[in-house]
Amino acid sequence: MSMNAYFRRMSYGTIHKLLSSPEWLPRVIFTECDKTTLDIDKSWHIIHYLLCGSAQTTDELISEVILGGRPISADDLGCGPARYFEPLKVALIADELAPIDAKQLMRHYSVGKFSRAGIYGKCSDAVDDISFISCNFDSLKAFYITAAHNKEGIITVII
């Protein structure tokens with residue numbers, strides 16, 4: 001079984017409705033992909049580690065990009081519950097991500113460090129793997145910035 005990270009932008013009003021009716025969560029998460037969805041595949045844990053230097057969450061805001069947010073329900077969907085960010089938190093995270101350059105971030109890419117930290121995901125020094133992680137980071141950064149610009153919340157799930 002592989003664990004992929006999915007993100008969906010939506011209004012806070014829609015998220016609020018979902019909080020009171022979490023049975024709709026699968027329908028919200030598993031709808032067709034469009035411009036409001038993002039799938040960063042199995043790169044999620046590597047990107048998390050590159051951003052905060054830890055396999056786990058830390059006290060820093062940047063640590064919440066992938067593994068943060070408030071649980072929508074207690075249901076474990078694979079790697080914990082689906083979580084959400086309110087628009088204000090999305091804006092704060094987008095501000096944290098904005099100055100981070102993928103090329104600069106990828107200078108910290110180290111298969112040895114990933115292995116020692118127990119990072120999930122495909123880790124090799126192959127150019128295709130490094131490019132895959134870099135592209136997914138750029139997509140994630142743009143996704144948060146767009147959500148912040150649109151004053152949207154974000155739902156995250158790792159399944």
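Trainee: Which residues do ring pairs link into a cluster?

Mentor: Rings of Phe, Tyr and Trp (its six-membered ring) pair if their centres lie within 6.5 Å, and planes under 30 degrees apart count as stacked, over 60 as edge-to-face and the rest as tilted. This is a predicted model, in which local features need pLDDT of at least 70 and side-chain atom pairs count only at pLDDT 80 or more, whereas totals for chains, interfaces and linings use all residues. Residues are numbered from 1 along each chain as its sequence is written, and side-chain values use heavy atoms, with hydrogens and water left out. Under that ring criterion, the cluster consists of Phe 7, Phe 85, Phe 143 and Tyr 144.

Trainee: How far from the ring centre of Phe 143 does Arg 9 lie?

Mentor: A charge sits over a ring if NZ of Lys or CZ of Arg is within 6 Å of the ring centre and within 35 degrees of the ring normal. Arg 9 lies over the face of Phe 143, and its distance from the ring centre is 5.5 Å.

Trainee: How many aromatic pairs does the structure hold?

Mentor: Counted by the ring criterion given above, the number of aromatic pairs in the structure is six.
One of these joins Tyr 49 to Phe 114, edge-to-face, with 5.6 Å centre to centre and 90 degrees between the planes. That pair links distant parts of the chain, 65 residues apart, since Tyr 49 belongs to helix α3 (residues 44–52) and Phe 114 to helix α7 (residues 111–117); helices (H or I, at least four residues) and strands (E, at least two) are DSSP runs, numbered from the N terminus.

Trainee: Are Tyr 49 and Phe 114 buried or exposed?

Mentor: Buried means under 20% relative accessible area, exposed over 50%, and partly exposed in between (1.4 Å probe, protein chains only). Phe 114 has 0% relative accessibility, so Phe 114 counts as buried. Tyr 49 falls in that class too, and the word for both is buried.

Trainee: Why is the pair of Phe 85 and Tyr 144 edge-to-face?

Mentor: The ring centres of Phe 85 and Tyr 144 are 6.2 Å apart, and the pair is edge-to-face because the angle between their planes is 65 degrees.
The pair links distant parts of the chain, with Phe 85 in strand β4 (residues 83–85) and Tyr 144 in helix α8 (residues 127–149), 59 residues apart. Both residues are buried, and the deciding angle is 65 degrees.

Trainee: Which residues does Asn 136 touch, not counting those up to four places away in sequence?

Mentor: Asn 136 is placed in helix α8 and is buried, with a relative accessible area of 9%. Taking contact as heavy atoms within 4.5 Å, Asn 136 touches Asp 39, Ile 40, Ser 43 and Ile 47.
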